[in-house]
Amino acid sequence: MNFDEVLDRIGGFGRFQKTLYVWICLPQIFLAFHMLVSVFTGAVPPHLCRSTWPLGDVGSPRLGFNFSIAPGDSCTSVQDGLLSQLNHSLPITEHSSTSNGCMGGWEFSKEVFLSTVVTEWDLVCENATLNNIGSSIYMFGLLVGAVLFGTLSDTYGRRMIILIGLAVQAIFGVGVAFAPNFYIYVLLRFVVGMTISAVIMNAFVLGTEWTGPKRRMLAGVITDYFFGFGYILLAGVAYLIRDWRKLQLAISAPGFLFLFYIWVLPKSARWLMASNKHEEALDLIRKAALINGKPLEDDDIELCQSPKNSEKVQDLRKYTVIDLVRTPRMRKQSLILFYLWFVNVLVYYGLSLNISDFGMNIYLTQMIFGLVEMPARTITLFTLNRSRRISQLAFLAIGGLACLLTIFIPDDLSIVRTVLAMVGKFGITASLSIVYIYSAEVFPTVIRQNGIGMGSMCARAGGVIAPIIYLLRNLSRHAPMVVFGLCPLIGAALTMFLPETAHKPLPDTIEDVERTGVSTTAEKSQHALYVPKQCPKQNPDGFL
């Protein structure tokens, strides 16, 4: 009996697993907070150079001064717009805003934000790129964290890494709120990014390793919903707290409450079995069975320790990432899937982190984008059973076309632009959910974990590049949306060269892929046990 059969015997999604998913889902809310808080803490309010304003009696802008003449993303228009409003009543002085910088310092509108990192450290004009680079460094932290904590979790277990990740996230998240300068702020955020990967990746693995085959996909969607809930909730929290330091503190300090996870979060019995800690694993299995109301007999427990499992592990370890590109068909499919991972995350965070560009109220737009997450992830439950390839292609095309159409909408129709961006976000979110499932069904069993790992690395690279794409606005204000539109359309076209995997057996070996693209002899019930960190369930009906 393999581990999936054990889970079926004790209850694949009973009271034990449901309680576990409560503990797994709660941190997802705060992960969403940390992932998206820079939308507000890094916002650029309208601003102008103090050297150019008409002074009142106390050295402040004349009463009723209109900040709208100095848009947050424009430096060259500050002086011209100001002089236009003053009917050219003030001469240009040597202290005015020039290409060499604002000698008198910047004044920022406080109509929407009391303070942001931009207003505190004057990250505009010649310093504006620092804001985008800081976001990219944060995303690079996610990449480093995925590599580092992915390896450590195989050595020390999923539970240990989750606990460490939550603790470090709370400490460094609070530290960000007290950063004395921008560079310390970026460094602390980098560490927070590392912990995001530690928690989200190992919580995903811990949940799937305890969940029976029939419920993994549904259980995974539940965690996605909690992330989406955090997405929406952040809009309300940020609306109430307009100071960036207080907002950062508000989303980080509650992380210390997760200290009680030391007593309630279980280890992975599957990982314990793979680490030859059989007695501890069996104790956990007995406990789970008892909580689920399906206690195991002694002869059932003996079946958990079948020696044939270790032989399968040794067989899988002979393969490396090089095998993903060693043969023609496998190479083609791997490179296409890597691109799909990259482009999905590139556009997902490209849209999510720059909602202020769409012209509507930033808090309302954040809430709408969060609400889109729910139906986008739900609809894939229905489309995937019909076709993996067509689903992937269709949602990529929807996302790409919607992004491209935004460039044709005039600025005074901000609602239309936001609706199109929302449709683009819907398509990309659904596509991102599908690529997890599709990838695990295209990669053969012997290199499936390597394929998923490399795909995840490409996804993190997309996250790193997403904030930098917005530097293309210096060339053309439409350039970022052109990139976010064309890249998914290219991905949609490439998807046509991938095999259909819906309702078909999974490939076990590279030879299966080269011969037919999909194995005709795979045993779908055997794949989940043998590689402990292989979270996806190999099931033609999908997995988380």
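# Briefing: loops, helix pairs and buried threonines

Aspartate 122 is found in the loop that links helix H5 (117-121) to helix H6 (128-156). The structure described here is a predicted model. The protein contains 22 helices and two strands. This briefing begins with the chain as a whole, then turns to selected loop residues, helix pairs and threonines.

**The protein as a whole**

- Of the 544 residues in the protein, 56% are buried.
- The accessible surface of the protein amounts to about 22,900 Å², and carbon and sulfur atoms account for 64% of that surface.
- When contacts between residues at least 6 apart in sequence are considered, 81% of them join residues at least 24 apart.

- Aspartate 122 is not a glycine, although its phi is positive, at about 50 degrees.
- Apart from residues up to four places away in sequence, aspartate 122 touches Trp106, Phe108, Val117 and Asn127.
- Histidine 47 lies 75 residues from aspartate 122 along the chain, and the C-alpha atoms of these two residues are separated by 9.9 Å.

**Asparagine 276, in the loop between H12 and H13**

- Asparagine 276 is located in the loop between helix H12 (269-274) and helix H13 (278-291).
- The phi of asparagine 276 is positive, at about 65 degrees, although this residue is not a glycine.
- Asparagine 276 counts as exposed because its relative accessibility, 61%, is over 50%.

**Helix H7 against helix H10**

- Two packed helices are described by the angle between their axes and by the distance between those axes.
- Helix H7 (residues 158-177) packs with helix H10 (residues 244-252) at an angle of about 170 degrees, and the two axes are 8 Å apart.
- Helix H7 is therefore roughly antiparallel to H10, since angles over 145 degrees are placed in that class.
- On the H7 side, the contact is made by Ala170, Gly173, Val174, Val176 and Ala177.
- On the H10 side, the contact is made by Trp244, Arg245, Gln248, Leu249 and Ser252.
- By class, the residues in the contact of H7 with H10 are six nonpolar, three polar and one charged.

**Helix H1 against helix H13**

- Helix H1 (residues 3-10) packs with H13 at an angle of about 35 degrees, with 9 Å between the axes.
- Phe3, Val6 and Ile10 of H1 meet Ile285, Ala288 and Ala289 of H13.
- The contact of H1 with H13 consists of six nonpolar residues, with no polar and no charged residues.

**Threonine 41, in helix H3**

- Threonine 41 belongs to helix H3 (residues 38-41).
- With a relative accessible area of 1%, threonine 41 is buried.
- Beyond its neighbours within four places in sequence, threonine 41 is in contact with Thr116, Val117, Val118, Tyr185, Trp244 and Leu247.
- Val117 is one of the residues in contact with threonine 41, and Val117 is also touched by aspartate 122.
- Trp244, likewise in contact with threonine 41, is part of the contact that H10 makes with H7.

**Threonine 418, in helix H19**

- Threonine 418 lies within helix H19 (residues 414-442).
- Its relative accessible area is 2%, so threonine 418 is buried.
- A polar atom of the threonine 418 side chain lies 2.9 Å from the backbone oxygen of serine 414.
- With neighbours within four places in sequence set aside, threonine 418 is in contact with Phe358, Met360, Thr365 and Phe369.

**Threonine 495, in helix H21**

- Threonine 495 is in helix H21, which covers residues 479-495.
- Threonine 495 counts as buried because its relative accessibility is 0%, and the buried class takes in values under 20%.
- The side chain of threonine 495 reaches the backbone oxygen of glycine 491 at 2.7 Å.
- Leaving out neighbours within four places in sequence, the residues in contact with threonine 495 are Leu340, Arg389, Gln392, Leu393, Leu396 and Tyr438.

Conventions: Residues are numbered from 1 along each chain as its sequence is written. This is a predicted model: local features need pLDDT of at least 70, side-chain atom pairs count only at pLDDT 80 or more; totals for chains, interfaces and linings use all residues. Side-chain values use heavy atoms; hydrogens and water are left out. Axes are lines fitted to C-alpha atoms, for helices over the stretch in contact, and angles run from 0 to 180 degrees between N-to-C directions. Helices (H or I, at least four residues) and strands (E, at least two) are DSSP runs, numbered from the N terminus. Angles under 35 degrees count as roughly parallel, over 145 as roughly antiparallel, 65 to 115 as roughly perpendicular and the rest as oblique. Contact means heavy atoms within 4.5 Å. Ala, Val, Leu, Ile, Met, Phe, Trp, Tyr, Cys and Pro count as nonpolar, Asp, Glu, Lys and Arg as charged, and the others, Gly among them, as polar. Buried means under 20% relative accessible area, exposed over 50%, partly exposed in between (1.4 Å probe, protein chains only). Accessible areas come from the Shrake-Rupley method with a 1.4 Å probe; for residues, only the protein chains shown count as cover. A polar contact is a pair of N or O atoms within 3.5 Å; within protein, one must be able to donate a hydrogen and the other to accept it, and residues adjacent in sequence count only if both atoms are side-chain atoms.
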